[in-house]
Amino acid sequence: MVFVLAAGLAGSVPAAEPPPTPPAAQVLIVTGIDYPGHPWKQTAPRLAQLLEQDPRLRVTTIEDPHFLDSAALDRYDAAVLHFMNWEKPSPGPAARENLRRFVARGKGLVLVHFACGAWQDWPEFASLAGQVWDPKLRGHDPRGPFQVRILDSTHPVTRGLQDFRTEDELYTCLAGALPIHILAAARSVVDGKDYPMAFVLGYGQGRIFHSPLGHDLKAFEAPAVGELFRRGTAWAARIEPVASKTPKAASAPSASASATNSVIGPQRQGRGPGLQTPAGLIPSRAGTNAIVPSPQPAPAALKPSASPEPPAARPKAPPSETGLFRARVEAREGRWHVAGRIRQVILDPDTLRLEVRTPGHAWFTAASMPGDLLVRHSGASRPLQLSAARRREIAPYHNGFQSGLQIRLSEFGEAPALVPIELRLRVALEGPDEEVVFDLNAIETAAAVEECRWPAGFDPGCYDTTVVPFMQGMRLPKEWPKKVALYDTMSFGRGLYQPWWGHLWGNLQKEGAVLVLLETPVDAGCRFEHPAGGPTRIAPRWIHSLGRWAYPRRLRWCFFDEGDHVTLAKRYRQHAISTGRFVSLEEKIARNPAVARLLGSPVVHTSILYHIEPASSYYHKDNPALNHQGVTFAERAADLESLAQRGFPRFYVHLDGWGRRGYDNLHPDVLPPGPEAGGWHGLRQLAAACDRLGCPLALHDQYRDYYLDADSFDARHALMQQDGGRPVHSTWYGGRQTVLCPSLAPGHVRKNHRAILDHGVALRGVYLDVFSVVPPEECYHPDHPVTRADCLQHRGEALDSVRAWGGIVSSEEPSDWSIPHLDLVHHGPYALDPNPGKGPALGIPTPLFNLVYHDALLIPWSLERGAWGIPETDSGFLHGLGNAGLPYLSLHPSPLEAERVRTMTALHRRVGLLEMTDHKFIEPAGRRQQFAFADGTRVTIDLDRDSYEILPALTEAELAGR
């Protein structure tokens, strides 16, 4: 009638066309084997008939579970598992991973009856199924009639359904730790407890519907059973479930039909006190002290079952008149929801597991686990579990630019011996980009936090590749066949040159990404593991500062529905710029014009004396002559003059072994220069020769190693560890040594450099060894305590003192904190197995550091195949060329080396001051890569063919250095 009236008012209106028929969903039933008491040859055909009562479901039945190994699985929108291999859990790894990917990338999964036991030896199956058969539990009630109660009559699968009776096996054997959304339940006549009969959950981008109903043909006679499976399959296949014309069961609704929805977890795996939830409380597995508001009905748009909208369907938020940001925060269905315009954060208060839903993907973390909190109490370290806090208070949090949740955890352990510690955690969406920000603080009284691991790492089910700035960087596919371990796991060491990592889902053609950014990185790092074959797991790790929590810690998640490793690196570059950590080479040249002399200059790394003390691990007992080898300053000056005459008009000279007893000896008291090499006069003459050649001379120096035979050695000045001891070893050439307290390093630096300059040595630069790559240290000596933050401040002061007298500043490797202080580093190579010295690459070498800092730091590269930091099969020249770095140059180069040096220096003169704007792998193995720079220059390398291409090509004038 309304339509007719509208037509009359509008005049002539064409007849309305019938609505288009929605596309059919392709459904695959996988059956063919089961426990002998389950007649799958009867139930599978009946299930197919019931599903096809919805004409939009096109059903195919395969009587071979090994079909799951086939690429043809991707043709279907949902897979229905109706099998259980009773004698041997199968099919094997390939089918399992194929199914996991199928669901994670957005397809549907339905589990029928004993499919919950299909893979008893596959841990990830529990994440797919939500709950699985636990043979240690009682299996089921005696087969017979029972009432199934609908707990959520608003969910698309059960909307409008009423309670019904069926004759079946009432399963009491399901167990699992993941949160599930229960749609229907039944009460056991044996133990009087409630058990789930239908529930849903998500995995990656996919949807799962699981019901343990369906033992035999009799079990499918109740019309509501078929309706439940039909609607659940449609929902999993992402088409709107609709009511069939089949009449509903005639039984009246039970008193609990509209009960609050429940979340079942580890203590409610069919063994707890039932599903009924007291009004106003969210079920808590840690006790009864969880204080939360009563769950409220959720708007339809925010239902957990709703699929994420595609990006195009979400309009950009208009600019705020006030600049304030506020998201919706509410507790419902047993979980807390923080809903913005483009993202939703969901917290399970029992497990502290988090899920973030973006328009294109769903990211979820692991649950809290034993040992994720380590405290010191009564003189001993004590592992605890965050989610085991007996008292948890959760409340909405808004501060004007963030909206989220404030979590207070306390009363750890068992009364009366409770640990007196309180954790205050916060998770919030921030600003129009809706990045997820975490804050962690601790209230310490008689106990102190030693380590905390929250938020937990992302679950491997939601990503395919991990990106880690492990030295220069790597991409690590989740199924990488070899074991991978970081050299160290604290920020600013070789394990994490930069304090971030990320994950990617998808493939090289189309990927999405998440960045994990440690915004307070000094006392932070990660827990990392990748066994042979994977998967990769990495999670934040926060540690104490001089035995206390000391200050709030902060972490950020940044999500990209379309992005790759370049996206992650560029987002971190924005952070580095905004925090002042990024200082460009152009700015460094403005501060010290001498740095400009290094553009397009090869680096000559040479030495004077190598002397090895008998106590050193390097000492040659069988050939003592090898323990003392050297040349004079005059001989080295002649070598450099000869090199210049061979057509190298400029280079940068890095000189080690110039001190009193040679390389790695007597630090920090190395003066005077080597007497047998020419002493002060010889060093002055060498520096003068370098000046004549136009080649800056820099000296290798060391202010961390503290040798026990140094002139100024005093045990009171050594770094003191937390237990009151001092590290003592004899690894390096100089023999027995400990570590100098970082607070004393700047004074020794100034002392030595003033003496060198006062003696008339034309020193142009200094290399302060290891400062930029050894993670910061603490000193517990009461006379000179040093936190890790203090340590970095002292190291920075030492480096800056070199620039103060006009010197070029360098150190060993390019950790993130040192960028403002450094002009050049010794190398920035890739991680190798088992150490950077030599071996195959760990993961796929990826220039993460240079994507952030290429135009902020000078990095030379060794040219040889399998050189230090170069994968053993690869050409160092190609890696150095792709990264547009400086080349190392030997004193006696071959024609091939000379040609490569000229190519690299020409490229560096062109792009050395420019940002590396892009990097891509031309094929998945990473053997062909392309690097792009801000002026449009592109360098393509092929590591298998030992070839490269530079576009635009280098000109003759560039190669000639003009």
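Reply: Happy to! The mean pLDDT (the predictor's confidence in each residue, from 0 to 100) of this predicted model is 88, and 89% of its residues reach 70 or more. Over residues 1–21 the pLDDT is below 50, and this stretch has 1 contact (heavy atoms within 4.5 Å) beyond near neighbours in sequence. Residues 246–317 also have a pLDDT below 50, with 171 such contacts in the model. Where pLDDT is low, the predicted coordinates should not be read in detail.

Two points on conventions: residues are numbered from 1 along each chain as its sequence is written. Side-chain values use heavy atoms, without hydrogens and water, while local features need pLDDT of at least 70, side-chain atom pairs count only at pLDDT 80 or more, and totals for chains, interfaces and linings use all residues.

Now the core. Of the protein's 962 residues, 60% count as buried, meaning under 20% relative accessible area with a 1.4 Å probe, protein chains only. A nonpolar core is a set of buried Ala, Val, Leu, Ile, Met, Phe, Trp, Tyr and Cys residues joined through side-chain atoms within 4.5 Å. The largest one has 208 residues, and Leu 81, Phe 125, Trp 454, Trp 557 and Trp 658 touch the most other members. Helix H9 (residues 679–693) gives the largest share, 7 residues; helices here are DSSP runs of H or I, at least four residues, numbered from the N terminus. Setting aside neighbours within four places in sequence, Leu 81 contacts residues including Val 30, Leu 68, Trp 119 and Phe 125. A second, separate core of 40 residues includes Ala 25 and Val 200.

Technical notes. Buried means under 20% relative accessible area, exposed over 50%, partly exposed in between (1.4 Å probe, protein chains only). Helices (H or I, at least four residues) and strands (E, at least two) are DSSP runs, numbered from the N terminus.
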